[in-house]
Amino acid sequence: MDRKKQPKGYSSSYRPVKGVNSWAPGLLTCLPWTALLAIFGVIILAFGSAAILKHSHDKPTKDWPMQKYPIQPTVLLSASAALSGALLRYALAEGQHIIWWRHALAGGTVGDLHRYWAYGHGFLDAICAGRYTNLMSMARVITTFVVIQGPLLQRASSIELRQSHRPVNITAILATNPLPTGFTGIRTGRAANVAMLTPEFLPAVQEYNHRSPIRFKNSCPDQGYCNVNFTAPGFDTNCITTEEAYNETYTVEGVGKSFKVLSTSIYTGGRGDSAEWMKVETSYKPKPDLCIGYFVVTKCNLQEAIVRYPVRIENGTILLDPISYKTNYTVKLRPQYTFPSLDRSTLGGIALVASSKYGSSVELYRSGAIPYTLMTTGSVGYEYINNSNSLMVDCSLTWDDPTLDILNGIRELMFRAAIAASNSTTTQTVSGTQSFAHTVYQSHYQFLLAALIVPLLSVGFVTSLFIGWWELGRKVSYSPIELAKAFGAPLLEGRGSNATGIHWRRLSEKGEKSAVYGDSDDDGEGHERRLGMADPMEVEVPKRGVYYF
């Protein structure tokens, strides 16, 4: 600058800095790029929150987003909400600077300038603006409510327990051939009746009687349970059910006699030169009557066969699915065979155990003075009675059908025998279905929509604060030095009027100038005392009781 053309009042101690003092309005010159990047970041985070919810929906909690580094969507959403709020607050502060200086450049009252400043710094001032409501106050109010974004995003993702299924292959040590001949029982005496169990079958029976779980070495993989169909030795079961009428009306001649109202029996036959077989017979009284009615009689023939066993494998154990004897699971019958040894039995051990557990008889005995007495052998008689609470013993007593439970018990004994007869050379691989419960993330997009309304509205209001930045000739701020210079503070006379806050140090002639807020003698005679920022040599500490102009 030509010193001869320096304006009046220009301090010769001021040395212009290139590019600082020139008024340079324009789109790029004063572009608030950091604030606009912050707004762009808020928009990106909004889309990012939607992407997190979409990508995590229905995903297992242990595998999302990566199996090695799982993290809950709510954590990411919470971080997104916090960062979004911080970016909006930064953009709001930058927008406040621009709109305040634009309003100052356009001209207005000092009160208007104060309100623009107050609305930008205080929510209470902004919400109570009343008739002075302006863009700054609306932007402040709407941005303040961004805090609700966090709780809403937390509700946008939840965890749900779900049952899932997938195909699976299971390899089992389980024979698919018939039981070895003579595997279960030992015959004794002249009648060659089965009275003992073989050493091979005895452990399986002991586990059955103790209700020990059926152990399985190759458990269902990972988790949950598996439903499969094994093929193993079993029984082809054929049953016929009929009704037999009876008339046992109480008479004097009948005193001292009895009649059966329930019976169950299990027995086996065949040995030596013929294949063995088993039979199960049950008879029970189903309805209350006056000793004139009918019995339900079921006779079942059990023949050795290879059958399918629907099972459930869980926690290293096998659970047999209960089935009806009316459903045929036979794969093939065992061919006829001869067994020369007379001291062993293939099915006799199973029949012996089943008979001791399920063999039962219940009779009504006409005792005279007391019309009837109940005589019971075996546990089935009292386990399957319907009206055991009745104090009357007569023909009103009824029983449930024990046939299915007996057949399922024999079926379990046969399955345990098949496992006992298997070894590492007798394996089979079957296909099944694995069912498992696992937790998945569920996204609730209604909460996402509610959470994004406020920040996106805030983006609109905050962005509008930047409109007209190209009219300003420098980067503006709320620096108290910059504002004081704009208001013509005497302390700052002689410095560049268009300097920004970041250039004040460069514009100092010799280091930083000292300033203090205190009591100054405005007219030099002590009549008008004022408070203000001044050189430390020109002010003193304010005094109590002094009135300041």
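Student: In this predicted model, is C30 buried or exposed?
Tutor: The model is predicted, and the computed relative accessibility of C30 is 7%. Because a residue counts as buried when this value is under 20%, the class that applies to C30 is buried.

Student: And C128, is that residue buried or exposed?
Tutor: For C128 the computed relative accessibility is 57%. Because the class of exposed residues begins over 50%, C128 counts as exposed.

Student: How many disulfides does a search of the whole structure find, and how are the bonded cysteines paired in sequence order?
Tutor: A disulfide is a covalent bond between the sulfur atoms of two cysteines. The search of the whole structure gives 3 disulfides. When the bonded cysteines of the protein chain are numbered in sequence order, the pairing reads 1-2, 3-5, 4-6.

Student: To which cysteine is C220 joined?
Tutor: C220 is buried, as is the other cysteine of its disulfide, and the link is right-handed, with 60° about the S-S bond. The sulfur atoms lie 1.8 Å apart, and the partner of C220 is C226.

Student: How many residues apart in sequence are the parts tied together by C239 and C300?
Tutor: A disulfide joins C239 to C300, with an S to S distance of 2.0 Å, and the link is right-handed at 115° about the S-S bond. Since C239 lies in strand β5 (residues 225–247) and C300 in strand β8, the pair ties together parts whose separation in sequence is 61 residues.

Student: What are the accessibility classes of C239 and C300?
Tutor: The relative accessible area of C239 is 22%, whereas the value for C300 is 1%. Because buried means under 20% and exposed over 50%, C239 is partly exposed and C300 is buried.

Student: What is the sequence separation of the parts tied together by C291 and C395?
Tutor: C291 is buried, and C395 is buried as well. The two form a disulfide with sulfur atoms 1.6 Å apart, and the link is right-handed, with 95° about the S-S bond. As C291 lies in the loop between β7 (277–284) and β8, and C395 in the loop between α9 (380–383) and α10, the pair ties together parts whose separation in sequence is 104 residues.

Student: Which strands stand at the edges of the open sheet of 3 strands?
Tutor: The strand order in this open sheet is β3-β2-β11, with antiparallel pairing. The strands with a single partner each, so that one side of each is left without a neighbour in the sheet, are β3 (193–197) and β11 (344–345).

Student: Which residue of β11 is the bridge partner of G185?
Tutor: Strand β2 (residues 185–188) pairs with β11 in the antiparallel sense over 2 bridges. The residue of β11 that is the bridge partner of G185 is S345.

Student: What angle does the direction of helix α8 make with that of β3?
Tutor: Helix α8 (residues 348–358) packs on the sheet and touches β2, β3 and β11. The angle between its direction and that of β3 is about 85°.

Student: Which residue of β3 stands opposite R187?
Tutor: β2 and β3 run antiparallel and are joined by 4 bridges; they form a hairpin with 4 residues between them, and G189 in the turn has a positive phi of about 80°. In β3, the residue opposite R187 is V194.

Student: Which residues make up the uncovered face of β2?
Tutor: In a regular strand the side chains alternate between the two faces of the sheet. In β2 the covered face holds G185 and R187, and the uncovered one holds I186 and T188.

Student: How many residues apart in sequence are the parts tied together by W100 and Y478?
Tutor: The structure holds 10 aromatic pairs, among them the edge-to-face pair of W100 and Y478, with 6.0 Å centre to centre and 90° between the planes. Because W100 lies in helix α2 (residues 73–106) and Y478 in the loop between α11 (445–464) and α12 (480–486), the parts tied together have a sequence separation of 378 residues.

Student: Are W100 and Y478 buried or exposed?
Tutor: W100 has a relative accessible area of 5%, and Y478 has a relative accessibility of 14%. Because buried means under 20%, W100 is buried, and Y478 likewise counts as buried.

Student: At what distance from the ring centre of Y225 does R312 lie?
Tutor: R312 lies over the face of the ring of Y225. Its distance from the ring centre is 3.6 Å.

Terms used: Residues numbered from 1 in each chain as written. Predicted model: local features only at pLDDT ≥ 70, side-chain atom pairs only at ≥ 80, totals over all residues. Heavy atoms only, no water. Pairing = 2+ DSSP bridges. Contact = heavy atoms within 4.5 Å. Axes fitted to C-alpha atoms, helices over the stretch in contact; angles between N-to-C directions. Phe/Tyr/Trp six-rings, centres within 6.5 Å; stacked < 30°, edge-to-face > 60°. Buried < 20%, exposed > 50% of the residue type's maximum accessible area, 1.4 Å probe, protein only. Lys NZ or Arg CZ within 6 Å of the ring centre and 35° of its normal. Disulfide = S-S within 2.5 Å.
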